[in-house]
Amino acid sequence: MKQWFTLLNKEFLEMARSYKWIWMPITFILLGVMDPLTTYYLPEILNSVGGLPEGAVFEIPEPSAQEVFIMSLGEYQMIGILIIVLSMMGTVAGERKSGVAQLILVKPVSYFSYITSKWAAALILIVVSLFLGMLASWYYTGVLFEFIPFVLVMESFGLYALWLILVLSFVILCSAMFMQPVAAGMVALVTVFITTIVGGSFQHLLEWSPTQLLPYVSERLITEKWPEHVWPATGITLTMTILLVLLAIYIFKRKELAE
């Protein structure tokens, strides 16, 4: 276990050197506050831009606080996932390409410790960034519109974080499969977005799918009731996360032994 924490500290140190501990939380916070601010000030923005005929009145229905908060989650679904893929695609592939992985594995370091320490460090960074971003979104939504019960925000955070952790696990798997970080990132990005589109298009058939977690978060925020299929989807998400990490260890070990 001491060896695992040593590897985890190494990952934290590398994240600090690449300033991930600074720019990723800041990016998530900016994504979180963007929709509350733009939605609130949209009439002033349109008036300042101009271009409307004289006397024209452009009325925009004011969204509820829950709808504004859900818009912020939509930013994480697009830009947030893109940031996760780009920042983590070289986690394993980059070290294999540079030879650092071989130097580490020459020592008595298990493949399990090597992969899971990287996964855990990335998970902590993403979860902290998401929490700060959603906290900022909740605060600005509350100040400009109406405060959502904090317990609902925490439930939404827990459920949506599971989806991002699953995405991270798949990125780690792709990074273990490919030597080139760009190839790993492209495969991960395309797969996640196609899966999301398919899940969104066939919601009535894929109610248990992890891709439904965001709609379930939205439904929980608006109705304050748990959707019927949220727990099967949660269970499958957790199971798939574990399987993806185990598969990443297996593939990484086979590739390293083959070389």
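1. Start with phenylalanine 131: setting aside neighbours within four places in sequence, phenylalanine 131 is in contact (heavy atoms within 4.5 Å) with Met154 and Phe157. Phenylalanine 131 sits in helix 7 (residues 111-144), where helices are DSSP runs of H or I with at least four residues, numbered from the N terminus. Phenylalanine 131 is partly exposed, with a relative accessible area of 29%; buried means under 20%, exposed over 50%, and partly exposed in between, using a 1.4 Å probe and protein chains only.

2. A quick word on what you're looking at. This is a predicted model, where local features need pLDDT of at least 70, side-chain atom pairs count only at pLDDT 80 or more, and totals for chains, interfaces and linings use all residues. Residues are numbered from 1 along each chain as its sequence is written, and side-chain values use heavy atoms, leaving out hydrogens and water.

3. Helix 7 also packs with helix 2 (residues 20-40), at an angle of about 25° and with the axes 8 Å apart. Axes here are lines fitted to C-alpha atoms over the stretch in contact, and angles run from 0 to 180 degrees between N-to-C directions. The two, helix 2 and helix 7, are therefore roughly parallel to each other (angles under 35 degrees). By class, the residues of the contact of helix 2 with helix 7 are 17 nonpolar, 5 polar and 1 charged. For that count, Ala, Val, Leu, Ile, Met, Phe, Trp, Tyr, Cys and Pro are nonpolar, Asp, Glu, Lys and Arg are charged, and the others, Gly among them, are polar.

4. Now for helix 4 (residues 65-88) and helix 8 (residues 150-177): their axes come within 10 Å and cross at roughly 25°. Helix 4 and helix 8 are therefore roughly parallel to each other too. Among the residues that meet are Leu73 and Gln77 in helix 4, and Tyr160 and Trp163 in helix 8. The contact of helix 4 with helix 8 has 14 nonpolar, 2 polar and no charged residues.

5. Glutamine 66 is in helix 4 and is buried, with a relative accessible area of 19%. Leaving aside neighbours within four places in sequence, glutamine 66 is in contact with Ile148, Leu221 and Ile222.

6. Last, the largest nonpolar core has 74 residues, and those with the most contacts inside it include Leu73, Tyr160 and Trp163. Such a core is a set of buried Ala, Val, Leu, Ile, Met, Phe, Trp, Tyr and Cys residues joined through side-chain atoms within 4.5 Å.

Conventions
Parallel < 35°, antiparallel > 145°, perpendicular 65-115°, else oblique.
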